[in-house]
Amino acid sequence: MESKLNLNPALIDSARSAAGRIAENVQLFIDKNTTVTVERTIARLMGVDGVDEIDKPLPNVLVDSIKEGGGLSRGVAFWLGNAMVQTGKAPQEIAEGVSAGEIDITRLPIADENKIMEAVYKVAEKMVDRIKNNRSKRNEYLNTIGEGRKPYLYVIVATGNIYEDVIQAQAAARQGADVIAVIRTTAQSLLDYVPYGPTTEGFGGTFATQENFRIMRRALDEIGEEVGRYIRLCNYCSGLCMPEIAAMGAMERLDVMLNDALYGILFRDINMQRTLVDQYFSRIINGFAGIIINTGEDNYLTTADAVEEAHTVLASQFINEQFALKAGIPEEQMGLGHAFEMNPTLENGFLYELAQAQMAREIFPKAPLKYMPPTKFMTGNIFKGHLQDALFNFISVWTHQGIQLLGMPTEAIHTPHLQDRMLSIENAQYIFNNARDIGEEVEFKKDGIIQKRAQEVLAKAEELLRDIENEGIFDTIEKGKFGGVKRSFAGGKGLEGVVEKHENYFNPFIDLLLGGDR
Amino acid sequence: MEGIQKVDLTKVKPYGDTLNDGMVQMSFSLPVPYGDEACEAARQLASKMGFDDPAVVYSKDLGVGYTYFVMYGKCTHTVDYTTIEVPKVSMEFMDRHEVEDYISENIKRDVVIVGACTGTDAHTVGIDAIMNMKGFDGNYGLERYKGIEAINMGSQVPNEELIAKAIEVKADAILVSQVVTQKDVHIANLTQLVEMMEAEGLRDKIILVCGGPRISHELAQELGYDAGFGSGSFANHVATFVVKKVAEKMV
């Protein structure tokens, strides 16, 4: 693609390789550690599910028991494999046995290592096949009933009740939505377990549970067949249970996951060691499952200024790209995030927004960029808000964004009402259709406001990435260079769940998913 | 000016393009399928709401058997504007420099303000707009004020932790932001904080202020707060209220 912005390719390369080295350094740390949620994920992928009599998920029961027995550094796969060999039981029965106090999993005699491996890989491969089948099923849908044109129209539902969500999601799909995101209940990100079963109570959203995933998946498949478009399902793979949510999503054929390497650290005050280890495994799963990840750079702009801090968004996109590559996520599944969040009173603000969006498009040409709507400067004046969203939609179709998170005129008032979603979809469809090929027709003036703005942001991002490379990402976050938020290496939530791996530690899914055939 | 009516403030009704025409625009959805019957249902409903000549000017099928309407109607009710009283933070707001001068002249020490988004609320946009250095829309936040020590604890802070922090730093004032208001979760949260502060015997010692898009001064006072700030409030409004209150308490 020829650059409309006259960006310097050498600067892009330099920024990208700095980001690559930043990710490489962190990877050395990641590879040495595991976490409680990574281990619970492995247990889930080996078939452990359900809850005990006080609604504690069995993956938690199992991993806590191994942790108390001092065995977590070997990994749950080792202990489950050993128990399978010793008892002849399946992982689920073993977890139930542990829960009932009948099996003391770290005190069983240790079997021959080859036998353990054989037992583990046998169940692990079964799960890998299930995930592969889900991928095929999605492709089959895409090849038969098809999909909407990009930018995909992405809307949220957030009633708290999964069955009510289904009604709203089906209405949205009939109106033209391509992606339905079920917003999670406030504060689920800080739970160190994943709730179980269908749920009907939540605040500002609905619990992410495997059963809720299944219910919504079934509803969207039905409606997709009716409207003749595959409807993608999105959830939130963030917080203290990143990889577990990824595993559940892979099993239930979700299509899109919010999944940022740094978001939890900055905006949920989750410990950075914990998040960096968790994000790696969650992304391996998402990558293999064919799930598009959405990164959270847009969030920087809710705390930091969208004009002054634009380069931090780009720098973070570079870093997210490199972390994603490490986890085997192809560029086509990288929904790198950014947002239309400049102050609407800014003279030529539209030109700066256009520059930023076009720049992201050119630097990450294959990525289905996720473009977030104005939120910070939405006022309750629903009529002006509808116009702000229109400008945002205009830029999106102009610069070929991948996933358009639709802005709602009632942003800043309430979670969307049924008609708010319809009005937003109508707004986007009108503009996308009416200006469809504007990007192919219009070029930018050489050294004009738009070109210069993009060049300046790129130059600052490249400089920031070289700084981060020198300081390391941990120090950079400690100094508050992303989103103006400072977090310390040993601070935040969830550090107690990080465990250094034993030299014989193993996680069968890293080999199977990262190295396996797709 | 013959022929032009004067406004009767004891009987005020909406204005479209002629005094007392009562014109109101509204939009809503009904859980009934799109069609003539749906429009008639909307019209009947608007009549019951007190509108004369209700007209559906636009309707649309929302899918799932629901219909959306844009309507006009003439309001038949009036209100007496002359008897209205609304409790509000009634003071002349100072700007940042005036607040800083006020502190150095009248308080002569740093004013300590602790702020947080409490309970399960993860939306810090409000508290950040008031407290962070950068502020919002060109209005610097409290961190930038000379003479104010502003501590922003961020999101999802339990009320217990907020109180513990306020005690630790000897706070003059606590600011609580509540953005998520679905199912009135903010009311429970705000009430709990007041109750806990009363139980600790702190309520009279610390100025308590809340804010958010659905917060009014009236609601705040009902819940036992000193003040409430809604949309469109900036750091200097909050700062004016707090420093004046601190000065009051010193006498």
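I shall go through the sheets, the helix packing, the contact between the chains and a few backbone details.

First, the conventions. This is a predicted model, in which local features need pLDDT of at least 70 and side-chain atom pairs count only at pLDDT 80 or more, while totals for chains, interfaces and linings use all residues. Residues are numbered from 1 along each chain as its sequence is written, and chains are lettered from A and ligands numbered from 1 in the order in which they are written. Helices (H or I, at least four residues) and strands (E, at least two) are DSSP runs, numbered from the N terminus.

I begin with chain A and its sheet. Strands count as paired if DSSP finds at least two bridges between them. In chain A, 9 strands form an open, parallel sheet, and their order is E7-E6-E5-E4-E3-E2-E10-E9-E8. At the edges stand E7(A), residues 334-335, and E8(A), residues 337-339, each of which pairs on one side only. Tyr236(A) has Leu258(A) in E5(A) as its bridge partner.

Next, two helix pairs of chain A. Axes here are lines fitted to C-alpha atoms, for helices over the stretch in contact, and angles run from 0 to 180 degrees between N-to-C directions. The axes of H7(A), residues 162-175, and H8(A), residues 210-227, come within 10 Å and cross at roughly 25 degrees. That angle makes H7(A) roughly parallel to H8(A); the classes are roughly parallel under 35 degrees, roughly antiparallel over 145, roughly perpendicular from 65 to 115, and oblique for the rest. The crossing of H7(A) and H8(A) is right-handed, meaning that the near helix is turned clockwise from the far one by less than a right angle. Residues are in contact if their C-beta atoms, placed from the backbone, lie within 7 Å. On this basis, the contributors from H7(A) include Ile162(A), Val166(A) and Ala169(A), and those from H8(A) include Ile215(A), Met216(A) and Leu220(A). By class, the residues of this contact are 10 nonpolar, 2 polar and 2 charged, where Ala, Val, Leu, Ile, Met, Phe, Trp, Tyr, Cys and Pro count as nonpolar, Asp, Glu, Lys and Arg as charged, and the others, Gly among them, as polar.

The second pair is H14(A), residues 349-363, and H15(A), residues 382-398, whose axes come within 10 Å and cross at roughly 35 degrees. H14(A) also passes H15(A) in a right-handed crossing. Phe350(A), Glu353(A), Leu354(A) and Ala357(A) of H14(A) meet Leu391(A), Ile395(A) and Trp398(A) of H15(A). These residues divide into 6 nonpolar, no polar and 1 charged.

I turn to chain B. Its domain assignment, from an automatic or database source, gives domain 1 (23-81) and domain 2 (96-250). The C-alpha centres of these domains of chain B lie 41 Å apart.

In chain B, 3 strands form an open antiparallel sheet in the order E1-E3-E2. Its edge strands are E1(B), residues 23-30, and E2(B), residues 51-61. Neighbouring strands of this sheet are turned by 20 degrees against each other on average, direction ignored. E1(B) pairs with E3(B), residues 67-75, over 8 bridges, and Phe28(B) stands opposite Phe69(B). Which helices pack on this sheet? One is H16(A), which touches E1, E2 and E3 of chain B and makes about 100 degrees with E1(B).

Finally, two backbone details. Most residues other than glycine have a negative phi, and most peptide bonds are trans. A cis peptide bond, with omega about -5 degrees, joins Lys150(A) and Pro151(A); Pro151(A) is in the loop between H6(A) and E2(A). His400(A) has a positive phi near 55 degrees and is in the loop between H15(A) and E10(A).

Notes:
Two residues are in contact if their C-beta atoms, placed from the backbone, lie within 7 Å.
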